[in-house]
Amino acid sequence: MTIVQNSRPYPATRAMRDNILSYREIVPGVALAATIAVVANTMRSIPAVATFSPMILAIAIGMAVRNLAGTPALARAGISFSMRRLLRLAIVLLGFQITLTQLASVGPKGILIVASTLVATFGFTLAAGRALGVERKLAQLIAAGTSICGASAVVATNSITEASDEDVAYAIACVTVFGSIAMFVYPMLPRLLHLDADAYGLWSGASIHEIAQVAAASQNSQRAGEMATVAKLARVMLLAPVVLTLSVVTRASAQPAGGKSARPPVPRFAIGFVAIAALNSVVCIPAGLRSATITLSTFLLTMALAAMGLETDVSKLYAKGLRPAMLGGLAFVFIAGFSLILIKLVG
């Protein structure tokens with residue numbers, strides 16, 4: 001009896017082999033991004049750079065490597081994987097930083113001030129961007145970074161806007177510069193503006209860009225620092241609704257004549273972020289596990305921004321000129337002034 005063997009591999013075997021090959025392709029780039037993330041975290045032990053988040057340091061290091069030595073071609077696949085897949089996972093894990101109990105501690109007035117400031121700042125920045133002639137996608141990124149939560153919001157929003165890496169780097173530079181200015185200026189203002197600890201903490205949390213930069217409020221008092229952190233987390237919680245809304249608006253504006261959307265579906269990572277935050281609110285997650293997931297989320301975001309830096313051409317940043325920087329400055333002044341007025345009127 002003759003047995004005829006099929007020389008072609010089974011579909012499952014072929015799929016497994018293809019997956020192994022694809023994993024091997026991404027290893028060099030992921031390893032490079034992870035190495036930069038480790039260096040960025042290590043650099044924070046240096047007093048002169050301790051005020052900057054590891055994400056900001058990572059994109060700066062990545063840009064230096066890209067523009068001084070060049071990004072290895074072997075690393076391209078892993079860099080793309082870090083910028084997209086790892087970024088989305090990191091944003092989902094951000095939900096472990098938030099509970100509904102924390103948000104409730106801000107109070108209805110605080111939530112109203114935070115949400116109103118976010119919406120007004122986002123709208124103002126887009127309008128000012130049009131007036132200044134800043135490209136729409138870049139204006140959206142600056143609006144998100146200023147109104148929500150700095151670099152994390154920029155890269156999350158870019159999953160919808162699909163702007164260039166240079167636009168992302170420029171937007172992150174804007175929120176870093178003006179957020180750093182706020183860190184040094186805000187602590188000098190509570191007495192001048194007649195703000196008590198709660199009001200000053202709420203103002204800081206509602207208007208300073210990065211989560212790490214909100215630590216400026218704790219320079220005045222522990223109570224102010226606690227209020228600032230919770231108010232800032234309330235802004236982070238609004239990241240998902242903003243991204244989802246922007247996705248719907250973008251898909252609607254890209255609607256072709258045939259009636260079917262040319263845009264991808266609603267981003268699942270934003271829904272995952274909300275689901276994790278809800279889970280964190282109703283399930284008692286061990287403190288060690290929760291702390292580990294928050295650390296992992298920050299590290300993955302740092303890797304994503306390192307990858308972004310590795311893809312950023314500085315010459316293209318220069319070509320964009322000073323108008324986007326002016327927009328970032330105007331947005332910073334607006335969010336600080338608008339939130340302060342609301343606190344005086346409502347708080």
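**Group meeting: a few spots in the model**

Hi everyone, let's start with serine 152, which sits in helix 6 (residues 151-161); helices here are DSSP runs of H or I with at least four residues, numbered from the N terminus. This is a predicted model, where local features need pLDDT of at least 70 and side-chain atom pairs count only at pLDDT 80 or more, while totals for chains, interfaces and linings use all residues. Residues are numbered from 1 along each chain as its sequence is written, and side-chain values use heavy atoms, leaving out hydrogens and water.

Is serine 152 buried or exposed? With a relative accessible area of 7%, serine 152 is buried (buried means under 20%, exposed over 50%, partly exposed in between, using a 1.4 Å probe and protein chains only). Beyond its neighbours within four places in sequence, serine 152 contacts Met55 and Leu301, contact being heavy atoms within 4.5 Å.

Next, isoleucine 276, in helix 12 (residues 268-282). Isoleucine 276 is also buried, at 16% relative accessible area. Setting aside residues up to four places away in sequence, isoleucine 276 touches Val92, Gly95 and Phe96.

Now a helix pair. Helix 9 (residues 197-207) and helix 15 (residues 323-346) pack at about 145 degrees, with axes 9 Å apart; axes are lines fitted to C-alpha atoms over the stretch in contact, and angles run from 0 to 180 degrees between N-to-C directions. Among the residues that meet are Leu202 and Trp203 from helix 9, and Ile335 and Leu340 from helix 15.

Finally, valine 177 in helix 7 (residues 165-185) is partly exposed, at 46%. Thanks, folks!

Technical notes. Helix = DSSP H or I, 4+ residues; strand = E, 2+ residues; numbered from the N terminus.
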